[in-house]
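Here are some friendly notes to read alongside the model. Please keep the 3D view open and look up each residue as you go.

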Amino acid sequence: MTIAFSPRDLTPLYASAVALLNAGNLAAAREQLLRSLHEEGETALSYHYLAQILERAGGPGTEVLAAQANALKCAPNHPVFLAALGVRLVDAGRDQDALVLLRKALEIDPQNPLALPWVMRLNRRYLQWTSYEEEAAACEMLLKSAHKVDPLLSLTFVDDPAQQLKIAARSAPDVAVQPLEPHAPHEKIRVGYFSADFSEHATMHLIEGLIEAHDKGVFEFHVYDFKPDPTSRQHQIIRDFADCYHDVSALSAAETAALARQEQLDIAVDLKGITTDSRPMIFALRVAPVQVSFLGFPGTTAIAEMDYMIADRITIPDGDEQFYSEKILRLPGCYQPNTNSRILPEGAGGRAAFGLPDDRFVFASFNHPHKVGPSEFATWMKILREVPQAVLLFYSGKADLGAALAERAQAHGVEPSRVLACGPLPQTAHLERIAQVDLCLDCFAYNAHTTASDAVWAGVPLLTLAGRQFAARVATSILSTAGVPELSTVSTKDYVAKAVHLATHPEDLLALRQKISAARHGSPLFDTKRWTRDYEALLQMCYQRHRAGEAPDHMSLSDG
């Protein structure tokens, strides 16, 4: 029998499966749900939860999609299941198919809390937004609802740390935590690193130098890899670095937490936060007496058991601690680590190698398109109108956005040929391409992060706009630590004026480029060993505080 829904009191197997799922017992939940489908009938919710179980257990994407599609078959045109299948299609890399279903869900339910943020994100991804006012109205609708909103999605639309705390709190796991068994001090401080990004990823680009510089005479390192990629160079680096390496891709969050507890970690460092392939439940279950959120997510996790967050005085100014559930650990310079052994661009082939004109001033945005909204694009088009000899190099990711870019430019009174699309390149070639640019332009609510330090390493100025939340202040922190704080502006008016000035005053631009080039070898931003010692000092302070029986508290290192 196939029905859309069924009363829970008539489906005890289904009710048991949901309870087991909520308890994290995925194998038993799957068994009960399959029995329910066979004995109690096929329902939309049964298939919906089956998709969740399969996804959380790391099952094949085709099976997850099939289960979610069956949910929609049981309840055709139901906005919840339209949206759920749409999100599954996003996970499968079928964004355009997803957008069709997500928009259909919104037609039926304009306030659908699952569809609305994803439509907003995909509209940006494909430059299909209409206006700033429409985005603002959609954001207001989301913020007023009591439903969960993906905190990562919200960062690009809402520059408000107080709102980000509320959004994160809705999504934070709420579980009963078993007390940790106390253990005697180890010979070395035992640190666990948790991530899905120990591969060709921005996180590894940033921490390679940290890994090399870590003091293994003081620390012992355990690595928990959510998503190993043995084909990547970085995978071997992390394997060689780890005193104890664990592939936990086949383990549930609860099983990973149990494994980490057995290893008696002193400090657990979450390098993912609330991002793609993250596992916040591990830290909600508490795997170490000291738990630290670092680098992967530029905001609060709102996880009750997350003790600390790494920041600096620019990304989280004094007084803003109230907007973060974690206690703040402030580094003296920029919170972001950098690797100073990367290859420097050589300029081989010049602009011609990247299809760039030699006789034009070249602005560029290398941020992912989902960070670019109507406000950023309108600002950049205003700059192009005021600097008629300039072009804009626009990073499109893997999608073909040529037609959309041309249409957008034309609507702003800019000749479409002046906006040039570009796609992803390997890291070395990417740095070479950045080096051909005159001035990089940053996004607002969610700045350039790794992209900002890439620009500085390539010797190219980046113009940013300092916002309110962590994600909107990262580029300002990077530029300040690199010795060029003048590249951070406080309003779109100043942003435009600065961009136009630098494009029309080559002597000032040259002076900035010289300062930035010097920063590669003379600024704290790329002093990897010093940064590592400061970071390690903070970890030791946390550990000593715990050993003394003191509760977590805000701590910082002096700038001396």
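1. Let us begin with a question: in which helix does threonine 256 lie? Threonine 256 is part of helix 13, residues 253–262. Before going on, please note that this is a predicted model, in which local features need pLDDT of at least 70 and side-chain atom pairs count only at pLDDT 80 or more, while totals for chains, interfaces and linings use all residues. Residues are numbered from 1 along each chain as its sequence is written, and side-chain values use heavy atoms, with hydrogens and water left out. Helices (H or I, at least four residues) and strands (E, at least two) are DSSP runs, numbered from the N terminus.

2. Is threonine 256 buried or exposed? Threonine 256 counts as buried, because its relative accessibility is 0%. The cut-offs are these: buried means under 20% relative accessible area, exposed over 50%, and partly exposed in between, with a 1.4 Å probe and protein chains only. Leaving out residues up to four places away in sequence, threonine 256 touches Phe194, Val248, Leu251, Arg279 and Ile282. Contact here means heavy atoms within 4.5 Å.

3. Next, please look at helix 11, residues 202–213. Helix 11 is mostly covered, with 10 of its 12 residues buried. Among them are Met204, Leu206, Ile207 and Leu210. What do the buried residues of helix 11 pack against? Their partners are strand 1 (189–195), helix 12, helix 17 (427–435), helix 18 (450–457) and helix 22 (528–547).

4. Histidine 205 counts as buried because its relative accessible area is 13%. Neighbours within four places in sequence aside, histidine 205 is in contact with Glu200, Gln234, Thr339 and Gln427.

5. Two of the partners of helix 11, helix 17 and helix 18, also pack against each other. Their axes are 9 Å apart, at an angle of about 65 degrees, so helix 17 is roughly perpendicular to helix 18. Axes are lines fitted to C-alpha atoms, for helices over the stretch in contact, and angles run from 0 to 180 degrees between N-to-C directions. Angles under 35 degrees count as roughly parallel, over 145 as roughly antiparallel, 65 to 115 as roughly perpendicular, and the rest as oblique. Gln427, His430, Leu431 and Ile434 of helix 17 meet Asp454, Ala455 and Trp457 of helix 18. This contact divides into 4 nonpolar, 2 polar and 1 charged residues. For these classes, Ala, Val, Leu, Ile, Met, Phe, Trp, Tyr, Cys and Pro count as nonpolar, Asp, Glu, Lys and Arg as charged, and the others, Gly among them, as polar.

6. How do helix 1 (residues 12–22) and helix 3 (residues 44–56) cross? Their axes come within 11 Å and cross at roughly 30 degrees, which means that helix 1 is roughly parallel to helix 3. Tyr14, Val18 and Leu21 of helix 1 make the contact with Leu45, Ser46, Tyr49, Gln52, Ile53 and Arg56 of helix 3. By class, there are 6 nonpolar, 2 polar and 1 charged residues.

7. Now for the charged pairs. How many salt bridges does the structure hold? There are 22, each being a side-chain nitrogen of Lys or Arg within 4 Å of a carboxyl oxygen of Asp or Glu. One of them joins lysine 227 and aspartate 277, at 3.1 Å from N to O. This pair links distant parts of the chain, 50 residues apart: lysine 227 is in the loop between strand 2 (219–225) and helix 12 (233–241), and aspartate 277 in the loop between strand 4 (267–270) and helix 14 (280–284). Lysine 227 is partly exposed, at 46% relative accessibility, and aspartate 277 is partly exposed at 37%.

8. Please compare that with arginine 330 and glutamate 321, whose side chains form a salt bridge at 2.8 Å, N to O. Both arginine 330 and glutamate 321 are buried. Shared partners join Arg313, Asp318, Glu321 and Arg330 into one network of salt bridges.

9. Finally, alanine 352 sits in the loop between strand 7 (327–330) and strand 8 (361–365). Alanine 352 is exposed, since its relative accessible area is 59%. The C-alpha atoms of alanine 352 and glutamine 436 are separated by 9.5 Å, although these residues are 84 residues apart along the chain.
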